[in-house]
Amino acid sequence: MRNPQLNANGELTHLLTLEGLPADVVRQILDAADPFVPIAEREVKKVPLLRGKAVFNLFFENSTRTRTTFEIAAKRLSADVINLNIGASSTSKGETLLDTVDNLVAMDADIFVVRHAQSGAPHMIAAHLNAHSRSHVHVINAGDGRHAHPTQGLLDLYTIRHYKKDFHNLTVAIVGDVLHSRVARSLIHGLTTLGTPEVRVIGPKTLLPAAVEAMGVRVFHDMRKGLAGCDAVVMLRLQSERMKGALLPSAGEFFKNYGLTLEKLACAKPDVIVMHPGPMNRGVEIDSAVADGARSVILPQVTFGIAVRMAVMSIIAGNR
Amino acid sequence: MTIPEQIPDGEEALGALAERMRAAVAFNAAFVGIYSGGAWLAQRLAAMIPGEHPLGYIDVSYYRDDYSRVGLKGGAKRTELPFDVEGANIVLVDDVLYTGRSVRAAVNELFDFGRPARIELAVLVDRGGRELPVEPTYFGVRLAVAHALSVVVSRDGDRLRIAAEKGPV
């Protein structure tokens with residue numbers, strides 16, 4: 001079966017997950033993002049590439065941050081952006097997801113940016129469009145359930161490559177609530193695809209997925225041991241709103257064991273970079289002295305994220 | 001379909017282009033090479049023509065008129081204009097002028113950085129075949145070349161080489 005993200009020529013037409021995406025496609029996106037970065041410094045912060053195209057932000061789950069970065073990316077490409085607050089409209093009146101999509105296609109949508117609490121929802125929309133000869137309409141997954149958040153994974157990869165140049169000698173640690181994190185899953189797939197020799201996950205047993213080793217990572221429960229020799233540390237947000245049952249004794253206990261402090265960070269390499277997908281819980285998974293410190297690249301991540309989303313949109317919209 | 005019998009020497013064409021520019025280009029004009037063929041040419045010209053000529057490079061990938069047909073094929077570079085475009089005298093530099101579409105895209109892109117005082121166009125080879133009302137201010141050589149041939153300017157060490165080849169333009 002063909003990868004549903006690629007057309008018959010192997011070109012990217014939807015971005016649903018980094019899992020199974022060929023390394024040359026991942027590199028194509030990262031390379032394409034680079035020239036978009038300095039567009040923010042122009043007198044006119046726009047290029048005309050997607051002039052006349054309509055980008056529909058379909059957010060079935062709230063996320064001001066991610067929706068805003070997609071909106072900025074689309075506007076910098078001169079696309080028209082339509083934001084739909086789905087929770088408050090059609091679905092609450094009983095319309096199915098695919099009927100909503102068909103209606104928006106009839107309004108001449110070119111790109112759907114989809115966030116959904118259910119894993120697989122963007123995939124279902126892409127498969128529906130492909131099956132009904134609407135492959136000129138493209139889907140970007142902006143986060144689905146616990147499954148994937150590919151543009152976040154790509155911007156993390158871009159950030160690591162920006163500071164470390166190459167993946168082939170790196171040790172990267174992902175710390176915290178891996179169980180609930182689609183960011184972690186996307187980043188692990190991206191790092192292994194690009195040949196990162198050592199990817200580690202660090203966290204309590206209750207917040208790591210069962211058989212996480214099968215994704216090709218080393219597991220650590222002791223944070224200091226896990227951070228030893230790391231080139232990049234990716235802190236995850238403790239997703240307390242997704243916690244069901246008693247996975248954790250308390251946020252204070254979590255910070256003591258897995259919160260990133262300057263003292264724990266000293267176990268990593270001196271030139272380590274510290275990343276976080278945001279929004280941060282200061283004093284829960286990361287100490288302010290680290291978040292605002294010299295090793296933090298958390299705000300550059302946000303800037304690179306816009307360029308990476310511009311790259312994804314311009315690549316898929318140009319492929320049939 | 002004919003290959004012109006006399007394909008001129010690249011360095012001679014560059015000399016002729018520089019001679020035409022020397023008499024007329026503003027002392028402070030910025031030289032902006034259009035990627036990829038115009039980039040090295042802009043460097044060569046800046047060294048040959050008296051004056052203070054800031055160098056810039058422009059990649060027109062985001063301003064092309066064929067995106068909806070061919071998509072973004074990668075290989076785009078950063079546009080770098082390390083001078084204030086507002087009020088500047090600019091000479092756009094390219095190796096081969098053919099349809100005029102790249103020049104149209106480059107002019108559009110420049111205006112997103114500011115309002116230049118003047119934009120001129122310098123090309124090594126004018127091969128005819130325009131599809132837009134674009135003409136060079138300065139040229140090195142004019143060639144009549146059949147549509148089916150492409151004119152290729154390449155670097156042979158530190159020398160320019162001009163060739164007409166069969167194949168896609």
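How many bridges pair strand 4 (residues 118-126) of chain B with strand 5 of chain B, and in which sense? The two strands pair in the parallel sense over four bridges.

The model is predicted: local features need pLDDT of at least 70, side-chain atom pairs count only at pLDDT 80 or more, and totals for chains, interfaces and linings use all residues. Residues are numbered from 1 along each chain as its sequence is written, and chains are lettered from A and ligands numbered from 1 in the order in which they are written.

**View 1. The open sheet of chain B.** Five strands, in the order 2-1-3-4-5, form this sheet with parallel pairing (strands are DSSP runs of E, at least two residues, and helices runs of H or I, at least four, numbered from the N terminus; strands pair if DSSP finds at least two bridges between them). Strand 2 (55-58) and strand 5 (138-142) of chain B each have a single partner strand, so one side of each is left without a neighbour in the sheet.

**View 2. A bridge at strand 5 of chain B.** Asp126(B) has Arg142(B), in strand 5 of chain B, as its bridge partner.

**View 3. The interface of chains A and B.** On chain B, 13 residues are in contact with 17 residues of chain A (contact: C-beta atoms, placed from the backbone, within 7 Å).

**View 4. Helix 11 (residues 298-317) of chain A.** Of the 20 residues of this helix, 15 are buried, so helix 11 of chain A is largely enclosed by the rest of the structure (buried: 20 or more other C-beta atoms within 10 Å of the residue's own, with C-beta atoms placed from the backbone).

Methods:
Buried ≥ 20, exposed ≤ 12 C-beta atoms within 10 Å, placed from the backbone. Contact = placed C-beta atoms within 7 Å.
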